[in-house]
Amino acid sequence: MTRSRPRGLALLSLLLVSTLLAPAIARAGIVVDGDAADWFGQLPPSDNTARIARRSDGAGELVWRDATGDARGSAAARACDLTQLRVSGDHDHLYLLARCAGPVTVAGDSAWQVQVSFDLNRFTGLGGTNFVGTDAAGVTPEAAWEYLVQTRFGSGLGARVVDPYGNEYVGAVAAVNASGVCEISVPWAALGFAFVPADPIRICAASFLSNASDDVLPAGDGNASRAADVVTQYALAVGQAR
Ligand SMILES: [Ca+2]
Ligand SMILES: [Ca+2]
């Protein structure tokens with residue numbers, strides 16, 4: 001399940017089935033404010049596994065529990081150790097929650113940065129093959145992406161969606177709390193969808209230190225790859241999710 005990576009690094013590759021997020025497309029009720037109280041799913045019992053949570057009103061949530069203590073680098077980089085990634089959605093938006101060990105810097109130099117890539121066509125090797133930034137980590141070839149959302153807390157600009165050609169798409173919103181909570185919303189329209197997509201989406205996520213210009217920073221252990229933490233490869237089979 002885990003690829004060979006530099007110590008402390010592995011990759012998350014979650015196959016999301018949009019029907020599991022909100023089959024009736026109930027309002028997820030997510031407010032992007034850096035407060036995780038609106039996320040309801042229980043954590044899986046084991047590290048590096050995911051579960052689907054469902055609320056009585058039909059809202060859905062995918063909950064990934066990431067291992068703790070697997071980030072690397074300086075103390076500031078290790079504070080960016082991802083511990084959870086959650087995904088939900090409604091008619092208009094895809095929502096993401098990333099939690100890290102914290103505490104994190106939320107503006108200026110050494111600010112926490114979260115990147116999440118979206119592989120929409122699931123063609124191996126077709127699309128973006130790395131996270132955004134100098135010496136950013138790679139994604140698995142199976143998860144080559146069509147779009148990626150990048151937080152920009154360093155500069156105070158919130159978040160942006162990009163494609164592999166450097167084009168930017170408006171509408172993403174992000175908020176962060178110094179305790180290590182990041183919430184992001186991405187309009188389906190920013191991913192090129194007029195409607196909630198029916199096909200699975202493969203997601204990879206990474207956690208970085210960044211500067212006041214939102215460039216990713218080395219983790220501080222001499223490794224060329226700058227990610228402080230990415231998440232263990234994992235594929236959620238469609239049959240399991242339904
Ligand atoms: Ca919230
Ligand atoms: Ca982790």
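Arginine 122 lies in the loop between β6 and β7 (147–152), where helices (H or I, at least four residues) and strands (E, at least two) are DSSP runs numbered from the N terminus. The phi of arginine 122 is near 55 degrees, a positive value in a residue other than glycine. With 16 C-beta neighbours inside 10 Å, arginine 122 counts as partly exposed; a residue is buried if 20 or more other C-beta atoms lie within 10 Å of its own, exposed if 12 or fewer, and partly exposed in between, with C-beta atoms placed from the backbone.

The model is predicted; local features need pLDDT of at least 70, side-chain atom pairs count only at pLDDT 80 or more, and totals for chains, interfaces and linings use all residues. Residues are numbered from 1 along each chain as its sequence is written, and chains are lettered from A and ligands numbered from 1 in the order in which they are written.

The mean pLDDT of the protein is 86, and 84% of its residues reach 70 or more; pLDDT is the predictor's confidence in each residue, from 0 to 100. Over residues 1–10 the pLDDT stays under 50, and the model has 25 contacts beyond four places in sequence for this stretch. Residues 235–242 also have pLDDT below 50, with 13 contacts in the model beyond near neighbours in sequence. Two residues are in contact if their C-beta atoms, placed from the backbone, lie within 7 Å. Where pLDDT is low, the predicted coordinates should not be read in detail.

The protein contains 3 helices and 14 strands. Of its 242 residues, 49% are buried. Among contacts with a separation of 6 or more, 64% are between residues 24 or more positions apart.

An open sheet is formed by 6 strands in the order β2-β3-β4-β5-β11-β10, with antiparallel pairing. Its edge strands are β2 and β10 (173–177), each of which pairs on one side only. From one strand to the next, the twist averages 15 degrees, with axes taken as lines fitted to C-alpha atoms, for helices over the stretch in contact, and angles running from 0 to 180 degrees between N-to-C directions. Two strands pair if DSSP finds at least two bridges between them.

Within this sheet, β3 (residues 60–65) and β4 (residues 82–89) pair in the antiparallel sense over 4 bridges. Valine 63 has arginine 86 of β4 as its bridge partner, and arginine 65 stands opposite glutamine 84 in β4. Strand β4 also pairs with β5 in the antiparallel sense, over 7 bridges. Here leucine 82 stands opposite cysteine 100 in β5. Strand β4 is mostly covered, with 8 of its 8 residues buried.

The largest nonpolar core has 64 residues, and those with the most contacts inside it are Cys80, Ala98, Trp112, Ile184 and Ala205. Strand β12 (residues 201–210) gives the most to this core, with 7 residues. A nonpolar core is a set of buried Ala, Val, Leu, Ile, Met, Phe, Trp, Tyr and Cys residues joined through C-beta atoms within 7 Å. In soluble globular proteins, nonpolar side chains tend to be buried together.

Leaving aside its neighbours within four places in sequence, tryptophan 112 is in contact with Cys80, Cys100, Val104, Thr105, Val106, Phe153, Val176 and Cys182. The C-alpha atom of tryptophan 112 is separated by 7.4 Å from that of glycine 154, 42 residues apart along the chain. Glycine 154 is located in the loop between β7 and β8 (158–162) and is buried, with 25 other C-beta atoms within 10 Å. Not counting residues up to four places away in sequence, glycine 154 touches residues including Ala107, Gly108, Ala111 and Gln113, as well as Ser210, Asn211 and Asp214.

Further backbone features occur in loops. Most residues other than glycine have a negative phi, and most peptide bonds are trans. Asparagine 48, which is not a glycine, has a positive phi of about 60 degrees. This asparagine 48 is placed in the loop between α1 (18–21) and β2 (49–54), and counts as partly exposed with 18 C-beta neighbours inside 10 Å. The peptide bond from glycine 102 to proline 103 is cis, with omega near -5 degrees. Proline 103 is in the loop between β5 (93–100) and β6 (111–119).
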